[in-house]
Amino acid sequence: MEKKLQGQIAIITGASSGIGAGVSKALAAAGATVVVNYPVEAAKAAAEAVMEEIKSSAGLGITYQCDVSKEGEVQKMFADVIAQFGTVDILVNNAGLQRDSPFQDMTLEQWNTVLGVNLTGQFLCAREAIREFLKRGVVPEKSKAAGKIICMSSVHEVIPWGGHANYATSKGGIMQLMKSIAQEFAPYKIRVNSIGPGAIKTPINHTAWETPAAEKKLLELIPYNRVGVVEDIGAAAVWLASDDSDYVTGITLFVDGGMTLYPGFSTNG
Ligand code: BGC
């Protein structure tokens with residue numbers, strides 16, 4: 001396989017499980033050295049298992065603990081990675097969580113936890129990445145761009161989601177964060193894009209697909225008639241990180257089996 005990301009250093013946040021783990025494996029298979037970030041001690045073993053799998057396929061990388069909602073921890077992670085590997089070429093701003101609640105019962109803690117990780121975490125990591133990209137500039141042997149940021153958004157950056165107001169708000173915010181910095185830094189050859197996954201089989205949404213009845217109901221929202229897998233997102237991330245997408249910045253690439261096509265309207269309206 002052609003290694004489109006050979007020699008590039010990629011930080012993937014929230015990579016001990018789910019989409020982050022899948023994206024880490026895909027980027028490593030494409031030749032990147034991956035930093036598999038995990039948030040807390042309790043996720044360490046899972047992150048190490050991801051790294052084991054990467055290394056067993058001749059991939060390169062390390063695990064790194066850092067809570068992306070904490071400014072000091074994010075700054076230390078970037079400083080340590082740059083000290084060890086020389087630079088960062090790719091940031092996948094993936095860490096995200098849900099704290100679902102009917103709106104009238106939503107606590108400030110549930111609100112702040114989701115906005116802190118999903119949105120502030122993306123701001124803090126993107127800012128450190130941009131600082132490094134600006135300092136280093138383009139290295140033509142590695143990439144046509146000075147750096148690439150991929151924000152993990154969701155179909156819920158455009159589809160409202162009752163019972164998940166904090167989560168949908170964070171994803172709507174990511175859309176404007178992504179577009180604003182894509183616009184600000186395109187002249188510096190920095191590309192910033194999002195992936196908007198639909199329903200992907202991961203721990204975050206297991207109740208939505210783990211029984212046949214739940215999966216059947218979920219499929220009503222997916223015209224392509226299958227629930228996504230992390231490999232669907234990994235392939236999109238490799239494309240957005242590679243020079244194959246060199247003329248692409250400021251977009252959300254929905255990888256959702258048509259969920260954003262509002263399938264309810266195919267027989268109604
Ligand atoms: C959420 C999942 C959900 C999917 C589609 C994702 O962003 O994290 O829980 O299944 O959107 O609604």
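**Briefing on the predicted model**

The side chain of Asp-89 reaches the backbone nitrogen of Ile-9 at 2.7 Å, a polar contact (a pair of N or O atoms within 3.5 Å; within protein, one must be able to donate a hydrogen and the other to accept it, and residues adjacent in sequence count only if both atoms are side-chain atoms). This is a predicted model, in which local features need pLDDT of at least 70 and side-chain atom pairs count only at pLDDT 80 or more, while totals for chains, interfaces and linings use all residues. Residues are numbered from 1 along each chain as its sequence is written, and side-chain values use heavy atoms, with hydrogens and water left out.

**Asp-89**

- Asp-89 is placed in the loop between helix 3 (71-85) and strand 4 (90-93); helices (H or I, at least four residues) and strands (E, at least two) are DSSP runs, numbered from the N terminus.
- With a relative accessible area of 4%, Asp-89 is buried (under 20%; exposed is over 50% and partly exposed in between, with a 1.4 Å probe and protein chains only).
- Beyond its neighbours within four places in sequence, Asp-89 is in contact (heavy atoms within 4.5 Å) with residues including Ile-9, Phe-133, Arg-136 and Lys-148.

**Ligand site**

- Residues surrounding the ligand include Gln-98, Trp-161, Tyr-167, Ile-204 and Asn-205, where near means a heavy atom within 4 Å.
- Polar side-chain atoms lie 2.6 Å from a ligand oxygen in the case of Gln-98 and 2.5 Å in that of Tyr-167.
- An N or O atom in the side chain of Asn-205 is 3.2 Å from an oxygen atom of the ligand.
- The shell comprises five nonpolar, five polar and no charged residues.

**Ile-204**

- Ile-204 is found in the loop between strand 6 (190-197) and helix 6 (212-219) and is partly exposed, with a relative accessible area of 40%.
- Not counting residues up to four places away in sequence, Ile-204 touches Gly-96, Leu-97 and Gln-98.

**Nonpolar cores**

- The largest nonpolar core has 35 residues, and Val-23, Leu-27, Val-34 and Ile-195 have the most contacts inside it; such a core is a set of buried Ala, Val, Leu, Ile, Met, Phe, Trp, Tyr and Cys residues joined through side-chain atoms within 4.5 Å.
- Helix 7 gives the most to this core, with seven residues.
- Val-34 is in contact with residues including Ile-12, Leu-27, Met-51 and Ile-62.
- A second, separate core of 34 residues includes Val-35, Val-117, Ala-146 and Ile-174.

How values were computed. Ala, Val, Leu, Ile, Met, Phe, Trp, Tyr, Cys and Pro count as nonpolar, Asp, Glu, Lys and Arg as charged, and the others, Gly among them, as polar.
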